[in-house]
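Q: I'm new to this one and would like to go through it piece by piece. Can we start with a look at it?

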Amino acid sequence: MAYAYDGEVMVTLLSSLISLVPSLVISLLSYVLTALAIYTIAKRRGLNKPWLAWIPVVDVWLLGSLSDQYQYVVRGRNRSKRKSLLVLGILSFVLGIAVIILAISLLTQLVLAAMQGVSEEYLLDLIMGPLLSMLGLCLPMAGIGIAYTILYYMALYDVYKSLDPSNCVLYLVLSILISVTLPFFLFFNRNKDGGMPPRKQEPAAIPPQYTQYSAPQDSAPQDSSSAREPWEDNSKDYL
């Protein structure tokens with residue numbers, strides 16, 4: 001009977017692990033597509049450190065920077081979504097880790113108490129402390145999570161609008177209702193700039209017969225920064 005019981009447990013564990021494989025694959029694919037899309041957009045628009053797109057938690061800095069950049073270039077507004085997103089993301093991560101540690105501690109104490117056969121009164125006193133601590137952390141974590149989610153989708157809307165303004169509302173609604181679509185929308189639109197100012201025209205080429213003459217001595221040197229796009233100015237704070 002013991003062997004049959006162990007076999008059933010092993011089958012159950014294997015079934016649970018196999019059922020997790022599709023979720024893990026989808027999560028990994030979403031992470032890669034989102035990171036690659038944000039990296040491509042940030043690099044093309046001149047943001048510093050585009051590789052931050054590949055670092056979890058910190059990657060929201062780039063999303064917020066793209067939103068702030070759009071607001072500055074198109075609307076002339078100075079925003080700080082990047083800073084707020086980063087702070088809220090770090091707080092959510094730290095509080096989440098604390099809740100997980102408390103949960104593991106609580107489960108460990110329950111298992112040890114059950115093995116020792118303690119009374120129900122002692123067991124209740126044992127778990128009350130960690131349980132109250134978890135509840136105390138969950139309340140602020142919920143508030144931070146709500147604020148983070150709202151700000152995240154606001155920044156995402158700006159990014160969508162800078163990529164494809166005609167479909168930005170549809171992209172945002174579907175991203176909220178069906179979150180798995182978000183990485184695909186970003187990835188397939190990563191090379192667009194439909195909502196950004198028109199790119200500058202390339203200067204006309206100088207005919208070869210005029211290249212042998214030097215420019216007059218009193219002519220002012222051409223400002224190299226004038227060839228940059230308005231969203232590629234490295235002096236801007238949002239970079």
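Q: Which residues does Leu186 touch, not counting those up to four places away in sequence?
A: Before the contacts, please keep in mind that this is a predicted model. With residues up to four places away in sequence left out, Leu186 touches Thr34, Ala37 and Ile38, and also Leu156, Val159, Tyr160 and Leu163.

Q: Okay, and which residues touch the most other members of the largest nonpolar core?
A: That core has 31 residues, and the ones touching the most other members are Tyr152, Leu156, Tyr160 and Leu186. At least two residues of this core come from each of α1 (2–44), α2, α3 (81–116), α4, α5 (168–177) and α6 (182–188). The largest share, nine residues, is supplied by α4. As a general background, nonpolar side chains in soluble globular proteins tend to be buried together.

Q: Switching topic, is α2 largely enclosed or largely open, and why?
A: Helix α2 is largely enclosed by the rest of the structure, because twelve of its 16 residues are buried. Among those buried residues are Leu62, Leu63, Leu66 and Val73, together with Ser67, Asp68, Gln69, Tyr70 and Gln71.

Q: How far does that helix reach, and what follows it?
A: Helix α2 covers residues 60–75 and reaches 22 Å from its first C-alpha to its last, which is close to the 22 Å expected at 1.5 Å a residue. After α2 comes Gly76, whose phi is positive, near 70°.

Q: Last one: where is Asp158, and what does it touch?
A: Asp158 is placed in helix α4, which spans residues 120–163. Leaving out residues up to four places away in sequence, Asp158 touches Ser67, Tyr70, Gln71 and Lys81. With a relative accessibility of 5%, Asp158 counts as buried, and Ser67, Tyr70 and Gln71 are also among the buried residues of α2.

Methods. Residues numbered from 1 in each chain as written. Predicted model: local features only at pLDDT ≥ 70, side-chain atom pairs only at ≥ 80, totals over all residues. Heavy atoms only, no water. Helix = DSSP H or I, 4+ residues; strand = E, 2+ residues; numbered from the N terminus. Expected span 1.5 Å × (residues − 1). Buried < 20%, exposed > 50% of the residue type's maximum accessible area, 1.4 Å probe, protein only. Contact = heavy atoms within 4.5 Å. Core = buried A, V, L, I, M, F, W, Y, C linked by side-chain atoms within 4.5 Å.
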